[in-house]
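The entries follow the order in which I looked things up.

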Amino acid sequence: MSDSQKDLDLAAVRGALGARLDGARGREYWRSLDELAATPEFREMIEREFPRQAIGWSEDEDPVEGRRNFLKLMGASLALAGLSACTRQPNEQIAPYIRQPEELIPGRPLFFATAATLSGVASGVLVESHEGRPTKIEGNPEHPATLGACDAFSQASVLQLYDPDRSQALTLNGEIESWGAFFGALREALALQKTKNGAGLRILTGTITSPTMASQLAAVQKLFPASKWHQWEPAGAHQERAGARLAFGQTFNTYYNLANANVVVSLDSDFLASGPASLRYARQFAARRRVSGGQTEMNRLYVAEPTPTPTGSKADHRLPLRSGQIELFAGALATALGVAQGPKSGANADIYKWVGPIASDLKKNKGACLVIAGEYQPPAVHALAHAMNAALDNVGKTVFYTDPIEANPVDQIASLQDLVKDLDAGAVDLLLIVGGNPAFDSPVELGMRDRLKKAKLRVRLGLYDDETSEVCQWQLPETHYLETWGDARAFDGTVTIQQPLIQPLYNGRSPLEVLQMLTEAPDARAYDIVRNYWAAQYAGAGFEAWWRRAVHDGVAAGTALALRTPSIQGANIRANAEEPRLGGTFEAIFRPDPTIYDGRFANNGWLQELPKPITKLTWDNAAIMSLGDAFRLGVKTADMVELTYQGWKLRAPVWVQPGQIDGAITLHLGYGRTRAGRVGTGFGFNPYGLRTSNALWSSVGLEARKTTGSYLFATTQNEHMLDSERHIIHSAGIEEFRKNPEVIQESAESPPRSLTLFPEWKYPGYAWGMAIDLNSCTGCGACVVACQAENNIAVVGKDQVRRGRAMHWLRVDSYYKGEPTKPEIYNQPVPCMQCENAPCELVCPVQATAHSSEGLNDMVYNRCVGTRYCSNNCPYKVRRFNFYLYSDFETPSLKLLHNPDVTVRSRGVMEKCTYCVQRINAAKIDAEKQSRQVRDGEIQTACQATCPTEAIIFGNVNDPNSRVSKMKAGPLNYSLLAELNTRPRTTYLAQLRNPNPEFEA
Amino acid sequence: MIKPIYGVMAEFDSPTALVNAARAAREKGYRKLDAYSPFPIEELTDVLHLHKNKLPLIVLIAGIIGGLTGFFLQYYVTVIYFPINVAGRPLNSWPSYIVITFELTILFAALSTVLGLLALCGLPMPYHPVFNVPRFALASRSRFFLCIESRDPLYDHDETCEFLETLEPREVSEVAH
Amino acid sequence: MPENQEVIEQPPSREIIAPGYTFGTVTDQISAVVLTKKTPIFWMACFSVGFGLLLLFLLAVATLLVKGIGIWGNRAPVMWAWDITNFVWWIGIGHAGTLISAILLLLNQSWRNSINRFAEAMTLFAVACAGMYPVLHLGRPWVLYWLFPYPNSMAIQPNFRSPLIWDVFAVSTYATVSLLFWFVGLLPDLGTLRDRTSSRFARFAYGILAMGWRGSARHWSVYETATLLLAGLATPLVLSVHTVVSFDFTIAIVPGWHSTFFPPYFVAGAIYSGFAMVLALAIPLRSVYGLQGLITDKHLDNSAKIMLATGLIVGYSYMLEAFTAWYSGDVFEAAAMWNRMTGPYAFAYWSLVTCNIVAPQVLWFKRVRSKPVLLFLASLVVLLGMWLERFVIIVSSLAQDFLPSSWGNFHATRWDWATYLGTIGLFLFLFFLFIRLLPMISIFEVRTLLPQAKVDEEVRS
């Protein structure tokens, strides 16, 4: 039976249920499932496709808990389509990533280079493929944006690929249709448009960097001269664009090189953890901070920001300022640098106290310093930053400009308002929405959700059947980037040809293919579209070779955009900004969510459950406010407040955050989805409901008042205070360290190895160990998702997280030190310590956990009886217990996701980090085949491979020349809870800060 | 030669009477006799010359065997059968073995005590001639019995009955097989 | 022969047995409870409560097996909570039985004769309840047998360094020995019942169990030796069992668990709660069945004194615990103790101090000790207090240990309650079956207490 045939059956099932299934969750969903199971179509399908139905796993006291089972739920019901197509490789020739550069063998099987895009911008990845199933994403070391690292979004995109909740069938008003039917309808509409030059044709996309798609859109434009192409990217680089226009009179693309920067000033920029080049920046930044060997030079980071971010946590000096005060600060700094004429003092003493030392520090490092304007700061701040960098002649050294990487860098707000105007005028006959989710994430005052309905024919190509699909007649299933061909530019313009790893699971089409339908040659396959475009671009012979190389490397040689040196238009640089008065109200700060971004990842369990940096909040967003404000409002964490902004109202739970500036409430976008799928629907609240075009990122005038009710948050860490007696985090100032390199060792008490009653075990051969450099770690959390993907770690759901049952093998603890209003923030990744004297092993009654000859603290799942004694006796609490059947053994599409080298744990057994023993063994087998030792760096644990700052180093501690041995030998090395004499194989390098001495004065 | 009956039995009211009767019977020269009482009477042990029993020795031996079993079971498993690094402790972590060694000592000893008891008493024994005497039911309530068995060389039915009557019992009755 | 029974009501006495009893009356009065046709309302009530809760237990266990440990409130870092709390509580209660039957026998405390039987029964059933938890709290109860050493194809054996394995051996040995001791004690009385019952079935059943016991002098002499030996074996055993249970905590490195004086502390606590349970059972029973003549105020008085003594030891241990935590200078120990007193579990901690140290001080007064009702209440308070003690030791220590980042509090779910009440049901169910089917007082040992039992050597002929 053909796949499309299956789709139709599936449709029959959905049809049979109609609306009942939509939005049903938890227990309700159960009911729906029963109804579903009752329908004859379903039983028939079960017989045919899927003998075992997912039943018999736990619910709990709390109905929310039902959501935990989303994966299984969908397995039982809706994920049945197209299974047999799953593991079929694409027909076109795709090029495996054969060459293994020095120092990198991420895992076993085949690797293919492609690119994941976020807000249109590419980051190059390598995709691990087991027998044609993509299972794990790694960074592409050849790619300028990732340099082999990988962020949480890309890591989790593989789960999105297999998400059974994806839009699975092409529908017209909820009824299944065939692509043929759609094509007919489309041609009809286009024929009409032809007659009026396409005056009624509108295309709405996100930010586009794909050259191929740009050319398609141009072609469409030529075909329908009166048609319009609109763009809306809710978390796009609107301000950056406008800032460049303000500073240079035209749009330029800006990027940095932190490798050359001794001093970095961040004006509310979270450059270490967000933005298209953050991975690259983080690596460069960390490299300049690493203190090893004799080298004790560190760069210095100043951060002014309202809400603590990973970048803020690395700052040597962090100045909490309201978002609106940043411009003031930038102005003052520019004035101090003589770049602009502004007031030398003002109401906010802090600012002026700061700029002096910073300015002199910058001046001292002309050409080797950097001022970074936050992507969410107003154009003026960007302009000032550009001016300062120019004045400090950093351009060409630490700051670089190119032409925009976007195909069409328009002011997207204007573009969207233009569309709204036409919609109101009834001028839109055919609206094609490619990706995005405008009905959910457009500025609230535009009321897109209803306005879209004014277009006569609405076609939506989307990965999910979401809020926007709801208001469109046609919902076309979009292919995932791992399912199709395409191309996209990175932060510096470098092009990556995206190649598919697997046939489309749900018979979807790529944006390229759909746009193609508007052109003369409607039915071309993505592969031909992309290839033909580049063939046309490629001048000269040897295109085939070039193409193969480009596809193979994941980087198209020489496609990076040429550097430009734009000139500042001094007239536009003003530093006389007025500080926006709060006048009793609050400043609203909107930011994309650290884990589900603008909402597009809402249905991704891995990202939902990934604890957000610093707050460690999962499954929710919150109204983040300072202790002072909470006190003033008489609220505490989890109380509800009512937020009012220009008449728009919203109820939200409070999150009291140390380090948050008084007077500002930070709201993370992306939550409050109403049609995200069973994972994401209904969590958190929706700040888009307060977000207007003229206050995209921040604005004063937000009123907050306490209301009744309280909220249940699910956090993975409740205690953040660092008490000095428990030596958990060791840190020192760099000066202190230069004076006395032993400073860390002196503060850390660790018993001598001789202090023992019984003879030591010898570890001949390999002895695996790990060193974690707290000085580099930004706490971004990419390692946590990497670990989850590599080790088949289950998602447990909000309720279970609340009950302290999250399953992450690797967690990132965050601690606050100093006064609560402006604390120093420390991040500490905690995997299993692989203690040589492991307390867990001693107490296991069945020897389910014991030591390997290489010093690993092995965990034998199928021997474990589940007394949980080991976890009680683990001082680091890194052991995780399957209280229920958390793993998914049923859902067909998710079976494909599992890493075949790792056991999928069942109910009632303990599990924990094993240093990715499957990777160790794979490498050892290789080495033995070639009768040699395993090379240093040949084994990379999943967390290590993905870490943007190379904070995690793994290797053989018996080899004195291995990187890990060298790090452990250094004076910064210490063991967590060393006084217990557990002798951890995982040790930490203390954190150093490099404060500006002038501040003490 | 099988005697037609098992023996003759005299019933008494008090432990004292029983003890005296038993002593008298011994002095008369009867050897194959037994006394039955609703509770243990120390004096009878001397009067009937019931020698020290072997139970303590049995228990001692069993206990020692148990202890050795316990220790060497653990030693064998951790050092020989499945030697593996657990928590960096040495293979022969003898201090950890003490508890189980002790427990097995007690277990073996206790089991041998009970089995020894049954063995030495010849229990279980669902049938015994004395139960044929209707009033013997009171032996487990409030009466005390002395039985002279027909196996006794001095046993002569009439003589023995007469002798028992001289001990002022409540009643003398025959114990049929 | 229930018809011609001579049952006499005796007024409570200061002696360990009321005057006026004869071998016959003692026998009849005790066996009457079992042999009579009519069942008292009291028994009916208690039994049906027990049975109801037992059904709840079965429901809870079924749910547990189907869904998993998750239905309980256990969580990281509190991986043990009510499950192990109840385990230790029940095991502790068991101890009084063995103490009475074994240690007091060796010490020649003849007053024990009239309470040891049901105290031992209590031990057995308490151990049965305790035994449920180590099994049920496993993530995979169906592979329980992996905890025992046996030849297997997995070529792997238990880890004899783990206190949990010690537990397995200690508890199972304890259960076995208690059962043997109890049965040996029953033999002569089973004989009595066999001879006295009027129903053929009962005679047959008791006859099988009595194994043909006929009270021969030969048997009695071996029997006495055996009882002494068993007592001698049970005494170190009972002391070892709670010591081993305390090892579950002391061998671990969790602050609040890792201390050297737990063994005596736990044993004292066990006997403390055990005698509380003895009183809680004895007081209603003797008044319902009119046994004041056999279980006299003297017995209650002695038990109360033992409670007081052990209670004081426990109190001392609390103080020592706090002192060592402070004196050790160990950051984590001190913090653990401090959290226990002031943290999220402060209420539980201070209520246990009240129940276990303050309340029992009333037992100093003879007036209290001679009021059964007050004693009954006091013992209930102690039982509660001892439960809280175990709860606080286990949960508060786990909830806040080394790394603050991992701290988290335990909240009991309705299934925690169901399981706990369930085992109480199991206990009542078994205990009242025992009351109805077996003599709750050792008849033959009580006979020896009678003046008539003395053989006066003067009468010579």
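**Entry 1: a helix in chain A.** I started from the rule for helices: a helix is a DSSP run of H or I with at least four residues, and helices are numbered from the N terminus. The model is predicted, so I kept to local features with pLDDT of at least 70. I looked up what follows H25(A). It is Asn792(A), whose phi is positive, near 50°. Then I went back to the helix. H25(A) covers residues 782-790 and is mostly covered, with 9 of its 9 residues buried. Here buried means under 20% relative accessible area. I noted the buried names: Ala782(A), Cys783(A), Val784(A), Val785(A), Ala786(A), Cys787(A), Gln788(A), Ala789(A) and Glu790(A).

**Entry 2: where chain B meets chain C.** I asked how many residues each chain brings to the contact. Chain B gives 64 residues, and chain C gives 64 residues. The area buried between chain B and chain C is about 5,500 Å². Carbon and sulfur atoms give 71% of that area.

I then checked the polar side of this interface. The rule finds 21 residue pairs in polar contact across chain B and chain C, both residues at pLDDT 80 or more. Which elements of chain B supply at least two residues each to the side that touches chain C? I listed helix H1 (15-28), strand E2 (33-36), helix H2 (42-47), helix H3 (55-81) and helix H4 (94-121). H4(B) gives the largest share of that side, 18 residues. By class, I read 45 nonpolar, 13 polar and 6 charged residues on the side of chain B that touches chain C.

I also looked for salt bridges here. The count between chain B and chain C is 2. I looked up Arg141(B) with Asp28(C): their side chains meet in a salt bridge at 2.4 Å, N to O.

**Entry 3: salt bridges over all chains.** I took the total next. The rule gives 77 salt bridges over all chains.

In chain A, the side chains of Lys228(A) and Asp418(A) meet at 3.3 Å, N to O. This pair links distant parts of the chain, 190 residues apart. I placed Lys228(A) in strand E7 (residues 228-231) and Asp418(A) in helix H14 (residues 412-425). Lys228(A) has 27% relative accessibility, so it counts as partly exposed.

I turned to Glu735(A) and Arg738(A). Their side chains form a salt bridge at 2.6 Å, N to O. Both residues lie in helix H23 (residues 734-739) of chain A, 3 residues apart, about one turn of the helix. I looked up their accessibility. Glu735(A) is partly exposed at 44%, and Arg738(A) is partly exposed at 29%.

Is Asp301(C) buried or exposed? At 3% relative accessibility, Asp301(C) counts as buried. Lys305(C) is partly exposed, with a relative accessible area of 39%.

Salt bridges that share partners join Glu11(B), Asp13(B), Arg135(B), Arg143(B), Arg170(B) and Glu171(B) into one network.

Note on methods: Residues numbered from 1 in each chain as written. Chains lettered and ligands numbered in written order. Heavy atoms only, no water. Contact = heavy atoms within 4.5 Å. Buried area = accessible area lost by both parts, 1.4 Å probe. Salt bridge = Lys/Arg side-chain N within 4 Å of Asp/Glu carboxyl O. Polar contact = N/O pair within 3.5 Å; in protein donor to acceptor, adjacent residues only side chain to side chain. Nonpolar A, V, L, I, M, F, W, Y, C, P; charged D, E, K, R; others polar. Buried < 20%, exposed > 50% of the residue type's maximum accessible area, 1.4 Å probe, protein only.
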